[in-house]
Amino acid sequence: MQEHDISFVRAEMVANSTPPAAERGIVRWLRTNMFATPLDTVLTLLGLLLIAYTLPPFIRWAFIDAAWTGPDRSVCATIVQGGLQPDGWSGACWAFVNAKFAQFMYGRYTFGERWRVDLTAILFVALLVPLLIPRVPYKFLNAVLFFGVFPIVSFFLLVGGWFGLAYVPTSEWGGLLVTMVLSFVGISISLPLGIALALGRRSKMPVIKVLCVVFIEMVRGVPLVTVLFMASVMLPLFMPAGMTFDRFARALVGVSLFASAYMAEVVRGGLQAIPKGQYEGADSLGLSYWQKTGLIVLPQALKLVIPGIVNTFIGLFKDTSLVYIIGMFDLLGIVRQNFQDSNWASAQTPMSGLLFAGFIFWIFCFGMSRYSIYMERRLDTGHKR
């Protein structure tokens, strides 16, 4: 009986099959993220109901019935069809924000000199953006310009009094200008000072360790309001007679020292997370303390605590609004100050102004948060301990 050879060798690969509709596209995303379990399904439905209940009235208040332009508060008491509604309800008073926008940005900064603030902002963005993009070359030069040259140039531009620029006292600063200066200086000082305090707290030299521990625990044990009050009111009492210290500079020092204490604990957590073998390996190579710390330990520690560092930055950015209690008007403070303007006193003015200030704060905080996530993913080595 003749046997037939039924073996078969395929000469080409089989084409990939299209996955089922339930396993691709938007359907798969919904099943994975919103309807994966019965509890997820219930929470998703409740969230959709909440959005359906709150979003249409908000859109109507913020856009449809809102007053966008106008000379005074009278436009904020009317709606598109004209006249008052029976219940006295109207839309958002964006005309108030539009009329006060320049003051929200610059405070009482001299009108003819506001180009200096704009130029400082342009330089800030022009130097910061290349520094944040990994592919842009000349990072060292960029960092020197941003952290070394830019603060000096911005000081001469904003304060003036030199090179033919009119002097603008810090008492006339306000709005977003104060918020940005306080947060930028606070962030720039708190990170290196926090690293130094964290290293000092782990030092084997008793004096250095005790000083760092006392500073960190004392600052973390009081609210920022107390620190600002001490810097603004109490500090001049301990200075020699006739010596004055700019109030804005006092606030800068208080905010920076306060943030550095919290930053020190964040960095110390990263230092403690480094395996002991990293220290021993560096010692076996004959590296000095500073070589071991700067080349091996700190880069790994800072990478581990990126979320904590950015969280401290975000908290610092929002805490700048507390300078309102010492007579300085940041963005939120100057918005609240303008509520007292009788020309714009209406039921919708406070909500509109606070919503605008909150949106500005959210933009900056959300941007910092997203960039930290990007850096975490970029620096992630996939190492699992």
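Q: How many helices and how many strands are there in the chain?
A: This is a predicted model. From the N terminus on, the elements run α-α-α-α-α-α-α-α-α-α-α-α-α-α. The count for the chain is 14 helices and zero strands.

Q: Is the chain a compact globule or more spread out, and what is its radius of gyration?
A: The C-alpha atoms fill a box of roughly 115 × 75 × 40 Å along the principal axes. For 385 residues the globule rule gives 21 Å, and the chain is well over that, so it is more spread out than a compact globule. Its radius of gyration is 28 Å.

Q: Which residue ranges make up domain 2?
A: The domain assignment gives domain 1 as 24–79 and domain 3 as 113–167. Domain 2 is written as two ranges, 96–112 + 169–379.

Q: How many residues does each side give to the contact between domain 2 and domain 3?
A: The C-alpha centres of domain 2 and domain 3 lie 19 Å apart. Contact here means heavy atoms within 4.5 Å. On that basis domain 2 supplies 17 residues and domain 3 supplies 16 residues.

Q: Which residues of domain 2 lose the most area to domain 3?
A: Domain 2 and domain 3 bury about 1,500 Å² between them, with 66% of it on carbon and sulfur atoms. On the domain 2 side, three residues together account for 38% of what is buried. They are Tyr-106, Tyr-109 and Phe-184.

Q: What is the count of residue pairs in polar contact between domain 2 and domain 3?
A: Salt bridges between domain 2 and domain 3 number zero. With both residues at pLDDT 80 or more, the polar contacts come to eight residue pairs.

Q: Which helix gives the most to the side of domain 2 that touches domain 3?
A: α3 (94–106), α6 (176–201) and α14 (349–379) each supply at least two residues of that side. The residues of that side divide into 12 nonpolar, four polar and one charged. The helix that gives the most, with five residues, is α6.

Terms used: Residues numbered from 1 in each chain as written. Predicted model: local features only at pLDDT ≥ 70, side-chain atom pairs only at ≥ 80, totals over all residues. Heavy atoms only, no water. Domains from an automatic or database assignment. Buried area = accessible area lost by both parts, 1.4 Å probe. Salt bridge = Lys/Arg side-chain N within 4 Å of Asp/Glu carboxyl O. Polar contact = N/O pair within 3.5 Å; in protein donor to acceptor, adjacent residues only side chain to side chain. Helix = DSSP H or I, 4+ residues; strand = E, 2+ residues; numbered from the N terminus. Nonpolar A, V, L, I, M, F, W, Y, C, P; charged D, E, K, R; others polar. Rg over C-alpha atoms; globule rule 2.2 N^0.38 Å.
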